[in-house]
Amino acid sequence: MKVSRLPIDPGPAAWADLLPPAAAAQRLEGRHTADWLVIGGGFAGLAALARLKQLHPADKIILLEASRIADGPAGRNSGFMIDLPHDLASEDYGGALNEDRRQIAANRAAIAFARQMAEEFELPYEAFNPCGKFNAAASAKGHRHNQDYARHLTRMGEPWEMYDAAQMAELTGTGYYQSGLFTPGTVMLQPAMYIRGIARGLASHHALILENSPVTALDHNGDWSATTPSGQVTAPRVILAVNGHANSFGLYPQQLIHVFTYASMTRALTAQEVKTLGGARNWGATPADPLGTTVRRISGMGGDRIIIRNRATFDPSMQVSERRIRAVSRSHDASFSARFPALRHVSMQYRWGGRLCLSRNNVAAFGEVMPGLYSACCQNGLGTAKGTLHGMLAADLASGHDSPLLQQVQEQAAPRRLPPPPLAWLGANALMKWGEWTAGAEL
């Protein structure tokens, strides 16, 4: 099968830019054979590689990444590895109790696997910080969402703590928020530091990770052969960990929803600006309304900075223009100024877009799609946790290693088909614009 298009990521990979320069990339050159091939070097691909190394330590495993490790979506998210239900189509992220309990168990299994890798490869605390997060409410409506979600968590026996406006001001340095719902199970990542560290650790365990090696064709003739601009890998079993780009391989046609979200990151704050702002040096807040503004404050390698993420667009082409980035930037600047008026003069150093893949029924594109070809795609906006989960489970499935968790994921329905393209584009973008408008002060 010919791959119809290659990944395009708008804007700089800001999280990676905060780190020291990566070592020179090793690219696929010439013809190779392997026992296993993993396509995609994000959360799903690296989790699949790590699990395969556990199950088959003597096997030869090759991973192909189209760009540089951490330059794609894995290094462009906001760094929340969330354990609790986080349904972006819900008013307060929650769903049915039993299904939410299953989702929590699955997310926590993924976080435990990620923690094991972080510990094994001795990643710094900044890369993998199990500090919890807040749902921050800027309005009475948002506070009601938090209260509803807190009641839902209580019914599931999950811990939470509600912060009032004064406590939120002490935490964030801003009086913008009316309340904050704290939940302790989220891990906050420096996503580029985490992804690079995992890749570096796996490479030291004799896995071959090849960057700048986009797959342009994937053919099956007994074994699978993946062709790149400068080489070819042949292997009997392939794990495809490319999220929405499964469509580019001809898989799941008219079943995947391609969404871009957008973020901006300030320049490093000066010591005086840090003093003026006050508050904690590291915290993360998702919005009480799913289409509101996510905020992170970070302090570490790269200095003290604030990240703003909001706005979403449905883009079936899987690419957006620089004009779109500039238009969305105005929304980021307004959200930043409203929350941090004392820092109104602080400029944004980085602006970028990140690709998400969703399905209408909130399920993964997971399983053996052709003999020897396994999909670990469509993470429904939770690429850090769900990507890790589906990568490790795809390795289990391909290895014949059964588990209740694998059975749970396999029992899910296939991604539901989308309406015809014009209707899908109009409907999805109208729905997101409406959701952003009704988010009010949460945006």
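Trainee: Which residues of α2 are buried?

Mentor: The buried ones are F43, A44, G45, L46, A47, A48, L49, A50, R51, L52 and K53, where buried means under 20% relative accessible area, exposed over 50% and partly exposed in between, with a 1.4 Å probe and protein chains only. This is a predicted model, in which local features need pLDDT of at least 70 and side-chain atom pairs count only at pLDDT 80 or more, while totals for chains, interfaces and linings use all residues. Residues are numbered from 1 along each chain as its sequence is written, and side-chain values use heavy atoms, leaving out hydrogens and water.

Trainee: And how far apart are the end C-alpha atoms of α2?

Mentor: They are 18 Å apart, which agrees with the 18 Å that its 13 residues (43-55) should span, taking 1.5 Å times one less than the number of residues. Helices here are DSSP runs of H or I with at least four residues, strands are runs of E with at least two, and both are numbered from the N terminus.

Trainee: New topic: what is the strand order in the open sheet of four strands?

Mentor: The order is β1-β13-β12-β11, with mixed pairing, and two strands pair if DSSP finds at least two bridges between them. Because β1 (30-33) and β11 (217-221) each have a single partner strand, one side of each is left without a neighbour in the sheet.

Trainee: How many bridges join β1 to β13?

Mentor: Four, and the two strands run parallel, with G30 opposite G231 in β13.
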